[in-house]
Every structure is written in C-alpha cells, then in structure tokens.
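Work through the exercises below with the model open beside you. Try each task before you read its solution.

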Amino acid sequence: MPVRISRLLIVGLGNHTHPNTRHNAGFIALDYAVHRLIGPGAWTVNKAIGAWVAETIMPLEEGGGGGEEEIQSVRHVTFMKPRTFMNFNGVPVQKMVWTQGFTIPELVVVHDDLEREIGKCSVKNGGSAGGHNGIKSIISCLKTDVRVDSHSWIFDSAFKRIRVGIGRTQSKAPTDVANYVLSQFTPDQKEKVTAVMLPAFYDTLLDVIKEHKE
C-alpha cells in the first residue's frame, strides 16, 4: 500500500529557568502528551537547535476506495521545547523551521493563556501575540507579520496555536501579572491541571494532529 507522509512541528513554550510555573504550561502540557504518545525517555537534547526534541509517526485515515488504490496517510510529528528564556523562544524555533525545512502552516505552538481558566484549551489560527512574549519572539524571528501599507504592519502569528488556560490574577498591574505567571500552581490548581487541563489538552492536540490540512 502506498504511503503519504506529511509533517507537523509542535512547539511547547516555556522558560527552562522557571520549571513547573504557570508560564511553563506549554512545557507541562507537551510533556504529558509526549509521555502518552511515545513513552518515557522520548526527549533528547538537540544542542545545535537549542531545544529538547521528540519525534513519532502517527497513522491517519486510509484514502482511496471506489476502485482507486488505497493510500495510507501518516504524519511525522516533531515535538520541541526551546531551551532558552521565554522572550527568546523564537530563536530555536526559527533554527528548527529553517534547518529542517518546515513551512509556517506546519507549525503549531502550545502556550499558556491568562484569558482562559485552568482546564480550558482552545485552538487559534494566526492572530496577534496578545501580549505573550514567547509568541512575539516567534513572530519576530519567523517574520510572519504582514505589511498593511507603507506605514503599518499586522503583527500576525500566521501559525496555529493551542492556548492552555492558566487563569488570571485579579490585578492587571504588570508586576502582579509577572509574579503570577512565574509562580507555581496552588495545590488546588495542580489537582485541576492533572485531572482536567492535561487530558483536555491531549484530546485537543490529537484533533489538531489528525485534522491538520496540508
């Protein structure tokens, strides 16, 4: 049976110097998914890229029928966690995209989201960074912003994102927000992360992988 292979690069954002914090929800979610999909010990360090990397092949639906030859579709999925500060996550992502020949539509980024409560995940196609410095860095490095006219640009990600809710502190003061995202989940929140957020993310991720259009 002929095989059709497509690719995806799925990047979880985080700050390797602040493990297990709310800002590392992208890391936490991707670790959970990779463990379920591949197993323990899946991550390896790619020093040239500056990231942890894991890979797997996932079978998709079989095509053909009606007298046509059946074709088995599979997706080669590369998972990646940048080993740098959040504000510079775009640098290793750019290296991976450029050296491995990924296209922007093949990129999916997983990141924390203040505007969604813990346990909620949503998929977004393109759009602005929404104040997220990791997304800003990727947009800047991949140059996916769009020129509107001679005086203005749209700071658009152009790639798919999975937003993982971490809730929000009542105060919107920059210092309070920074302290909130760089702090660990409370014990009650950790229970919700384990029981609700991670399974919800896993289901969302599988949908994205299987439904992604080339």
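## Exercise 1: An aromatic pair

Phe27 counts as buried, at 7% relative accessibility. The model is a predicted one.

**Task.** Classify Trp52 as buried, partly exposed or exposed, then decide how the rings of Phe27 and Trp52 are arranged.

**Solution.** 
- Step 1. Recall the cut-offs: buried is under 20% relative accessible area, and exposed is over 50%.
- Step 2. Trp52 has 21% relative accessibility, so Trp52 counts as partly exposed.
- Step 3. Now turn to the rings. A pair of aromatic rings is described by the distance of the centres and the angle of the planes.
- Step 4. A search of the whole structure gives two aromatic pairs. In one of them, the ring centres of Phe27 and Trp52 are 6.1 Å apart and the planes stand at 90°, so this pair is edge-to-face.
- Step 5. Phe27 belongs to helix 1 and Trp52 to strand 3, so the pair ties together parts 25 residues apart in sequence.

## Exercise 2: Another aromatic pair

**Task.** Describe the pair formed by Tyr32 and Tyr202. Which parts of the chain does the pair tie together?

**Solution.** 
- Step 1. The ring centres of Tyr32 and Tyr202 are 6.3 Å apart, with planes at 90°. Planes over 60 degrees apart count as edge-to-face, so that is the class of this pair.
- Step 2. Tyr32 sits in helix 1 and Tyr202 in helix 5, so parts 170 residues apart in sequence are tied together.
- Step 3. Check the cover. Tyr32 is partly exposed, with a relative accessible area of 24%. Tyr202 is buried, at 9%.

## Exercise 3: The nonpolar cores

**Task.** How many residues are in the largest nonpolar core, and which element gives the most to this core?

**Solution.** 
- Step 1. The largest nonpolar core has 32 residues. Those with the most contacts inside this core are Ile10, Phe79, Val110, Phe201 and Leu205.
- Step 2. Look at the suppliers. Elements that each supply at least two residues include strand 1 (3–12), helix 1 (25–37), strand 4 (68–82) and helix 5 (187–211).
- Step 3. Helix 5 gives the most, with nine residues.
- Step 4. Zoom in on Phe79. Leaving aside neighbours within four places in sequence, its contacts include Ile10, Leu30, Trp52 and Leu205.
- Step 5. A second, separate core has 20 residues, among them Val11, Met96, Ala129 and Ile139.

## Exercise 4: A covered strand

**Task.** Are the residues of strand 9 mostly covered or uncovered? Which strands pair with strand 9 in the parallel and the antiparallel sense?

**Solution.** 
- Step 1. Strand 9 is mostly covered, with six of its six residues buried.
- Step 2. Lys160, Ile162 and Val164 point one way; Arg161, Arg163 and Gly165 point the other way.
- Step 3. Strand 5 pairs with strand 9 in the parallel sense, over six bridges. Here Asp113 has Gly165 as its bridge partner.
- Step 4. Strand 6 (residues 121–125) pairs with strand 9 in the antiparallel sense, over five bridges. Cys121 stands opposite Val164.

## Exercise 5: One side of a helix

**Task.** Which residues of helix 4 are buried, and what do they pack against?

**Solution.** 
- Step 1. Val177, Tyr180 and Val181 are buried in helix 4.
- Step 2. They cover an arc of only 90° around the axis, so they are on the same side of helix 4.
- Step 3. An α-helix has 3.6 residues a turn, so residues three or four places apart point the same way.
- Step 4. The buried residues of helix 4 pack against helix 5.

Methods. Residues are numbered from 1 along each chain as its sequence is written. This is a predicted model: local features need pLDDT of at least 70, side-chain atom pairs count only at pLDDT 80 or more; totals for chains, interfaces and linings use all residues. Side-chain values use heavy atoms; hydrogens and water are left out. A nonpolar core is a set of buried Ala, Val, Leu, Ile, Met, Phe, Trp, Tyr and Cys residues joined through side-chain atoms within 4.5 Å. Buried means under 20% relative accessible area, exposed over 50%, partly exposed in between (1.4 Å probe, protein chains only). Helices (H or I, at least four residues) and strands (E, at least two) are DSSP runs, numbered from the N terminus. Contact means heavy atoms within 4.5 Å. The arc is that of the directions from the helix axis to the C-beta atoms. Two strands pair if DSSP finds at least two bridges between them. Rings of Phe, Tyr and Trp (its six-membered ring) pair if their centres lie within 6.5 Å; planes under 30 degrees apart count as stacked, over 60 as edge-to-face and the rest as tilted.
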